Amino acid sequence: MKLRVVVLGAGFGGLELSSILSETIGDDLDLTLIDQNDSFYFGFSKLDIMFGRKKPDAVKISYSSIVKPGVRFCRDTITAIDPVTKVVTTQNGTYEADVLVVALGANYDVDATAGLNEHGNEYYTFQGAVTLSEVIPRFTGGHAIIGVCGAPFKCPPAPSEAALMLHDYLSRTGVREACTISLVIPYGSPIPPSPDSSKALVKAFEERNIHFIPQHKVASLRAKTAILDDGTEMPFDLFLGIPKHVAPDVVLQSGLAENGWIPVDRQNLATKFPGVYAIGDVTSVGTPKAGVFAEGAAKIAAAAIIAKYKGNENESAYTGAGSCYIEFGKGEVARVDVDFFSGPKPFGIHHEASDALVMDKQQFGSSRKARWFGL
């Protein structure tokens, strides 16, 4: 009998887990990978689109490129998940699984921040980044705010990256002196687990005259004004927002979630339902909501699934380790290596921005395109 696995979501976690199971189980695997989109893109590509470094179509990778033993990609919208029976219902069919893996990520609740839709712009959706690629060139003077509207949010360095890259863009177009840039985040520092990364970013803000406003989030917007969570009013001419993140509705309705996210066993990413795992942004495991951590979780969940299938003990445990690249502007990239679970508290090691890490980031992307898509 083939092992029937249904994987919901074809992001970092779903793609890595599917690849591992295909490599290990091969022809004895019957894996269906379901995603509502027809293509994949790296999250950092949205910044490239926003600032005109790449065209939207150039960063998309079609899921039709997935050709792996035992793996079938299905483009469909999931309408119901039954974690007890491990049955998934979509707009076009029903799927029964021996093992179910939920990797649906986090959605964006733009409406949770009053006025964001009407008076601001968000750049965490693909279309939001595309829209801003047309809006930013028209910004030639005034106050730009990069504002986080809720926590947790995907890719903690991304707001800092947007501020630094906006500075570079405005400098290139010759209007930087006519503009003010402010960054509002709900944390006390840009990268809380890594004091050295945070210090490097704060220094970069100071050098570029970017106003850093920590420990606050944007509560609402009205015409040309952002209102912070303490009532402070900040006039703006351009607002780049990071919307509140939420688990997909289909997850919230499934009985899997508690307090908004799916709780899992930190050791193996198993949920409280037998044969059901959850990985990545949709969980409350305790790591940042970022692709590299979803990929790391996928490795451990896959090891647990394979061990159980083969009747072995699973000796792997999730360490919550991962590396995040940070765009510092001026064509340079830094990296922070973070470990969340190995020690008494999370800690990060900072690697200074350099040209070498630009190549490292490119290799990160190309190696995963090769692994997941054969490109």
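A cavity is a set of grid points where a 1.4 Å probe fits but cannot get out, and its volume is the space filled by probe spheres set on those points. The exercises below apply this to a predicted model.

**Exercise 1.** Determine how many cavities of 30 Å³ or more the model contains, and characterise the largest cavity.

*Solution.* 
1. The count at this threshold is two cavities.
2. The largest cavity holds about 60 Å³ of space.
3. Its lining consists of Gly280, Asp281, Thr283, Val285, Thr287, Pro288, Ala290, Phe293, Ala294, Ala297 and Tyr318.
4. Sorted by class, the lining of the largest cavity comprises seven nonpolar, three polar and one charged residues.

**Exercise 2.** State the volume of the second largest cavity, and identify which helix gives the most to its lining.

*Solution.* 
1. The volume is about 30 Å³.
2. Leu15, Ser18, Ser19, Leu33, Ile66, Lys68, Val71 and Trp372 line the second largest cavity.
3. Helix α1, spanning residues 12–25, gives the most, with three residues. Leu15, Ser18 and Ser19 fall in that range.
4. The class division of this lining is five nonpolar, two polar and one charged.

**Exercise 3.** Describe the second largest pocket by volume, central residues, contributing elements and residue classes.

*Solution.* 
1. The volume of the second largest pocket is about 460 Å³.
2. It is lined by 20 residues, and those closest to its centre are Phe44, Asp48, Lys54, Lys361 and Gln362.
3. At least two lining residues come from each of α2 (45–50), α3 (56–59), β22 (332–339) and α10 (355–373).
4. The element that gives the most is α10, with six residues. Lys361 and Gln362 lie within the range of α10, and Asp48 lies within that of α2.
5. The lining of the second largest pocket divides into eight charged, seven nonpolar and five polar residues.

Notes. Residues numbered from 1 in each chain as written. Predicted model: local features only at pLDDT ≥ 70, side-chain atom pairs only at ≥ 80, totals over all residues. Heavy atoms only, no water. 1 Å grid on protein atoms, 1.4 Å probe; cavity = no way out; pocket = protein on both sides within 12 Å on 5 of 7 lines; lining within 4 Å. Nonpolar A, V, L, I, M, F, W, Y, C, P; charged D, E, K, R; others polar. Helix = DSSP H or I, 4+ residues; strand = E, 2+ residues; numbered from the N terminus.
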